[in-house]
Amino acid sequence: ALASGKVVVADASAQLVCRLVLTPDGATVVDVGAGRGTKTLLLQAAAGGKASITAVDLHAFKVDVLLSRMAELHVPGVTTAVADATDAEDLKDAVGGLADVVLVDAPCSNLGTLRRHPEKRWRLAPDDLPRLAELGNRLLSAASRLVRDGGFVVYSTCTILRRENEDVIAAFLSSADGEGFVTESVDERVPDAWSQFVTDEGWFRSIPRENGPDGHFAAILRRVRG
């Protein structure tokens, strides 16, 4: 089934993050930090194949892999761009305009996936965490400028550290770029069985446990004014 492209492997919490990006038919979606395209595929699946998705990554070789995967799996409606997503102008030029929804799948320490990737603990240095948190903040700020009024940005990581998650959202909301945004609760978009993963702020934060998902974080931020 894997070889024929009938299924792809994705952790349940990663799938849920893409389900948070609910879009009307024909919506324009930007996938920032698309990598090799697993979440791009899941986004289009959640949209019933009716979204117009631009997948953005810094590295051209990853974009090439993504394009090949979309072709092999017959995923419609996906275009790509190579851009520095921390540069708002470069990002906007690459995408070509505003979007209804932007998913920021931010690079992080990956500490939510340690049970499957125990080697990650040996690859982290003390200065990685502040650097990754700052990178996440810059990506979120640049991506927010792509969102049209009434649209939203979903910020996601696969780490369980507050410094890379809640602190990034709090810093953004208190910044000039975040002034026009409010938090929208994920509660109605999360299955009842996972309600314990919805935080008091209305954000999604899963904790690794036996027979459960990896550790992921996601927040929905809606633009209410320009």
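Visitor: What is the handedness of the crossing of α5 and α6?
Guide: The crossing of α5 and α6 is right-handed. Keep in mind that this is a predicted model.

Visitor: At what angle do α5 and α6 pack, and how far apart are their axes?
Guide: The angle is about 45 degrees, and the axes are 10 Å apart. Helix α5 covers residues 128-144 and helix α6 covers residues 166-173. That angle makes α5 oblique to α6.

Visitor: Why give both an angle and a distance?
Guide: Because two packed helices are described by the angle between their axes and the distance between the axes.

Visitor: Which residues meet there?
Guide: From α5 there are A133, G136, N137, L140, S141 and S144. They meet V168, I169, A171 and F172 in α6.

Visitor: How do the residues of that contact divide into nonpolar, polar and charged?
Guide: In the contact of α5 with α6, six are nonpolar, four are polar and none is charged.

Visitor: I also clicked on R138. Where is that?
Guide: R138 is in helix α5.

Visitor: Buried, partly exposed or exposed?
Guide: R138 has 42% relative accessibility, so it counts as partly exposed. The cut-offs are under 20% for buried and over 50% for exposed.

Visitor: How far is R138 from D11?
Guide: R138 and D11 are 26 Å apart in space, C-alpha to C-alpha. Along the sequence they are 127 residues apart.

Visitor: Back to helix pairs. How do α1 and α2 cross?
Guide: The axes of helix α1, residues 12-19, and helix α2, residues 38-46, cross at roughly 55 degrees. Those axes come within 9 Å. The two helices are therefore oblique to each other, and α1 passes α2 in a right-handed crossing.

Visitor: Which residues make the contact?
Guide: On α1 they are A14, Q15, V17 and C18, and on α2 they are K39, L42, L43 and A46. The residues of this contact of α1 with α2 divide into six nonpolar, one polar and one charged.

Visitor: What is T40 in contact with?
Guide: Leaving aside neighbours within four places in sequence, T40 is in contact with D31, A34, I53, A55, L66, M70 and V78.

Visitor: Next helix, then. What about V63?
Guide: V63 is in helix α3. With a relative accessible area of 6%, V63 is buried. Not counting residues up to four places away in sequence, V63 touches G35, D57, T80, A81 and V82.

Visitor: And how far from V63 is D90?
Guide: Their C-alpha atoms are separated by 16 Å, and V63 and D90 are 27 residues apart along the chain.

Visitor: Where does S4 sit?
Guide: S4 is in the segment before α1. S4 has a relative accessible area of 47%, so it is partly exposed.

Visitor: New topic: rings. How many aromatic pairs are there?
Guide: A search of the whole structure finds five aromatic pairs. One of them is F197 with F204, an edge-to-face pair. Their ring centres are 6.1 Å apart, and the planes are at 85 degrees.

Visitor: Are F197 and F204 buried or exposed?
Guide: F197 is buried, and F204 is buried as well.

Visitor: Which residues do ring pairs link into a cluster?
Guide: Ring pairs link W194, F197 and F204 into a cluster.

Visitor: Last topic, backbone angles. What is phi of H74?
Guide: Phi of H74 is near 60 degrees, a positive value in a residue other than glycine. H74 lies in the loop between α3 and β3. Its relative accessible area is 70%, so H74 is exposed.

Visitor: And what about N211?
Guide: Phi of N211 is near 65 degrees, again a positive value in a residue other than glycine. N211 is in the loop between β7 and β8. At 79% relative accessibility, N211 counts as exposed.

Notes: Residues numbered from 1 in each chain as written. Predicted model: local features only at pLDDT ≥ 70, side-chain atom pairs only at ≥ 80, totals over all residues. Heavy atoms only, no water. Axes fitted to C-alpha atoms, helices over the stretch in contact; angles between N-to-C directions. Helix = DSSP H or I, 4+ residues; strand = E, 2+ residues; numbered from the N terminus. Parallel < 35°, antiparallel > 145°, perpendicular 65-115°, else oblique. Left-handed = near helix turned anticlockwise from the far one by under 90°. Contact = heavy atoms within 4.5 Å. Nonpolar A, V, L, I, M, F, W, Y, C, P; charged D, E, K, R; others polar. Phe/Tyr/Trp six-rings, centres within 6.5 Å; stacked < 30°, edge-to-face > 60°. Buried < 20%, exposed > 50% of the residue type's maximum accessible area, 1.4 Å probe, protein only.
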